[in-house]
Amino acid sequence: MTAVITDEKIPNNVDLAGDKRLQRALEAWQPKFIDWWKEMGPEGWQARDIYLRTAISVETDGWAHFDYVKMPDYRWGIFLEPKQEGRVHGFGDFAGQPVWDEVPGEFRNMLRRLVVTQGDTEPASVEQQRHLGATAPSLYDLRNLFQVNVEEGRHLWAMVYLLHTYFGRDGREEAEELLQRRSGDADKPRILGAFNEPTSHWLSFFMFTMFTDRDGKYQLAALAESGFDPLARTCRFMLTEEAHHMFVGESGVQRVVKRAAELMKSNGGDVRAQGGVDLPTIQKYLNLWYTLSLDLFGGEVSSNAADAFASGLKGRYKEDRYPEHKLIGSTFSMEILKDGKVVTEDIAMRNALNEVLRTEYIKDCQRGVDRWNKTLKDEGCDFVLKLPDHKFHRQIGMWSTTRYTPDGQMITAEEWAKRSGDWLPNQADEDYVKSLMKAVYEPGKMASWIAPPIKGINGLPETFEYVKP
Ligand code: BYC
């Protein structure tokens, strides 16, 4: 295992050439992946030169190389962080014992399910975003979209490597199915809710990369703690790439917010009349994508989460920050629904781990929203964007059976039906936002509804030709 990535047909740092059977199996999967990419990847841009970063090493510094690439020629490969000798389980029933290099038989199904669920989200997001290349607000944004897309494709490779290497025939079948399910398809949908939602315009794309990719950060970080060492090492390198995706989301929304605040200062402050996205509409898309992403953490009280922790497969975010790693006898104080009422109770910690991870995620989202509010303040605008209550608009878990306002007050289904269009994008909002989506493909030019970025990619100016005509 080296930090440097080889220049083979499937670039890797896992000595693929030393395992001919695995190499053949993955080389047989590769053309199917390319077919899927051509059918379901970014529409209309496959033959263009895009200024993309490609991983060339797994070192913290200097792991990426930037150059023009046609997307189907992108070097999708298998990159694991180097093995740490002497690593031990950091949590759960096996804490302190050496980590596993092979799948332990008794946890095989649970582990496969985790790897498949993680893997499924990667192609799903590419499918959700495949039409966005027709309407990018600038070449800079267009390039960022494609960067996110090719890296999600690589993250699929990461999970497929694990399936092929460690799960035998079942794993190979799962790898095939990852290319067969389709986002939003009624018969063969993607596994998790948010990955079947349409991402039909750039405001949704930015909210998705802000909130849904951030779920990715937390789930990957929890899997990066795994006592199944190949999974931990794979997820650690994926996290390196993930940071840029969240940057695209957070800075994308920040630029839309900034533009709205600027337009509020001219022509009587009617943002829509001047071709911007008004702040109440931004709030509605925030409400939508944040809550869809909250669902991705699973049920509030979950025996699956307890089992995954006990068996050492999935830890907490930054497990070593916690003083105790077995969680026997400890509890987590959280809101639950009891006899139709919201009450706060102590729940056995292992069963509350989905909620523990969601709570960390919520804090991270709040930090991002605070930065957007700082932008508004700097523009002299007193509108404040807010994360809705965690019970609002939930479709998975305890809060999915009752209805809540964005402030967390329980309401009836009738009231919800009357008011939800004030809180979540309605058809008129969707039509309006879509009406703004017109491609702007002159280097350095921006659509009316978004402010320019503070700086370009890889130290280049914003006027650089990030995608060649
Ligand atoms: N939609 O005990 P429960 C990313 C299912 S994003 C539909 O409550 P559990 C990315 C669940 O599967 C990160 N179904 O929850 C971002 C179970 O089904 P079965 C992706 C759902 O099992 C942007 C049942 O409900 N990675 O990387 O503890 C772009 C009861 O489950 C949902 C992962 O998620 C849902 N939202 O945990 C690209 C990590 N939620 O088994 C990429 C791997 C739950 O009864 N996955 N269900 O049929 C996991 O750790 C867990 O599976 C979950 C749920 C966190 C998803």
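This is a predicted model: local features need pLDDT of at least 70, side-chain atom pairs count only at pLDDT 80 or more; totals for chains, interfaces and linings use all residues.
Strand β3 (residues 331-338) and strand β4 (residues 341-348) run antiparallel and are joined by 8 bridges; strands are taken as paired if DSSP finds at least two bridges between them. Helices (H or I, at least four residues) and strands (E, at least two) are DSSP runs, numbered from the N terminus. Residues are numbered from 1 along each chain as its sequence is written, and side-chain values use heavy atoms, with hydrogens and water left out. Local features need pLDDT of at least 70 and side-chain atom pairs count only at pLDDT 80 or more, whereas totals for chains, interfaces and linings use all residues.

The hairpin formed by β3 and β4 has 2 residues between the strands, and Asp339 in the turn has a positive phi of about 50 degrees. Most residues other than glycine have a negative phi. Asp339 is exposed, with a relative accessible area of 78%; exposed denotes over 50%, buried under 20%, and partly exposed the range in between (1.4 Å probe, protein chains only). His393 likewise has a positive phi, near 50 degrees, and is placed in the loop between α9 (353-378) and β5 (403-404). His393 is buried, however, with a relative accessible area of 15%.

The buried residues of α1, including Trp29, Phe33, Trp36 and Trp37, pack against α2 (108-128), α3 (139-166) and α4 (168-178), with contact defined as heavy atoms within 4.5 Å.
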